[in-house]
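Let's take a quick walk through a protein model, one spot at a time. Have a look at it first, then read on.

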Amino acid sequence: MDELNDNETVENQEGYVEEIPGVITTTSMAITEFLKKTKAQDLINWGRKNSLWFLTQPMGCCGVEMIATGCAHYDTDRFGIIPRNSPRAADVMIISGYVTKKYLPALNTLWEQMAAPKWVICMGDCSISGGPFYESYSTVQNIDKMFPIDVFIPGCPPRPEALLQGFIELQKKIMAKKDHGTDY
């Protein structure tokens, strides 16, 4: 039922389909497709771009730089980038530093608890390629195969300015509709 009908169809007690005259119905899929083709999607993406709330889970050296980015000198609040402690209130996950095999199930749980659309920023050499822990028995390699990474921020550890630049790049991807956010 991709197009609008002039009459709503309902099923009566006997299982027969009846039409209600004068009532127009549609499906949620038709509404989604309509929004994707209009300027309303640009307005929605503008709102998403200017309210990126990131999940605070500092790991390793990169975690210190992530915390410093939220402090007064860099002040991410002026960009609408606000740290959140709950995955249900966040829409950006920052994977900062190394990820151990023991921590990976908890990281997957946090990812699943985040509401769609959601994005991932991979920060630091340890999270991108393993860094000095490359091919270690306890660290996870190739995190990009487990999460849809939108922005990579290289460095050991990357400076707060680099994290701000990473957020700006994510904002550009959201406005250009070329991000890895879930299908919205």
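## A tucked-away threonine

Start with T76, which is buried, with a relative accessible area of 1%. That sits well under the 20% cut-off for calling a residue buried. Keep in mind that this is a predicted model.

So where do you look for T76? You'll find T76 in the loop between helix 3 (60-69) and strand 4 (82-84). Its neighbours, leaving aside residues up to four places away in sequence, are F54, T69, G70, I81, P83 and L164. With I81 there's also a polar detail: a polar atom of the T76 side chain lies 2.8 Å from the backbone oxygen of I81.

## Two helices crossing

Two packed helices are described by the angle between their axes and the distance between the axes. For helix 3 and helix 6 (residues 160-176), the angle is about 70 degrees and the axes are 8 Å apart. Angles from 65 to 115 degrees count as roughly perpendicular, so that's the label for helix 3 and helix 6.

Who does the touching? Helix 3 brings E65, M66, A68 and T69, while helix 6 brings P160, L163 and L164. Sorted by class, this contact has five nonpolar residues, one polar and one charged.

## One side of helix 4

Now move to helix 4 (residues 104-113), where the buried residues are L104, L107, L110 and W111. They sit on the same side of helix 4, because they cover an arc of only 120 degrees around the axis.

What do these buried residues pack against? Their partners are strand 3 (53-55), strand 5 (92-96) and strand 6 (119-123).

How values were computed:
Residues are numbered from 1 along each chain as its sequence is written. This is a predicted model: local features need pLDDT of at least 70, side-chain atom pairs count only at pLDDT 80 or more; totals for chains, interfaces and linings use all residues. Side-chain values use heavy atoms; hydrogens and water are left out. Helices (H or I, at least four residues) and strands (E, at least two) are DSSP runs, numbered from the N terminus. Buried means under 20% relative accessible area, exposed over 50%, partly exposed in between (1.4 Å probe, protein chains only). A polar contact is a pair of N or O atoms within 3.5 Å; within protein, one must be able to donate a hydrogen and the other to accept it, and residues adjacent in sequence count only if both atoms are side-chain atoms. Contact means heavy atoms within 4.5 Å. Axes are lines fitted to C-alpha atoms, for helices over the stretch in contact, and angles run from 0 to 180 degrees between N-to-C directions. Angles under 35 degrees count as roughly parallel, over 145 as roughly antiparallel, 65 to 115 as roughly perpendicular and the rest as oblique. Ala, Val, Leu, Ile, Met, Phe, Trp, Tyr, Cys and Pro count as nonpolar, Asp, Glu, Lys and Arg as charged, and the others, Gly among them, as polar. The arc is that of the directions from the helix axis to the C-beta atoms.
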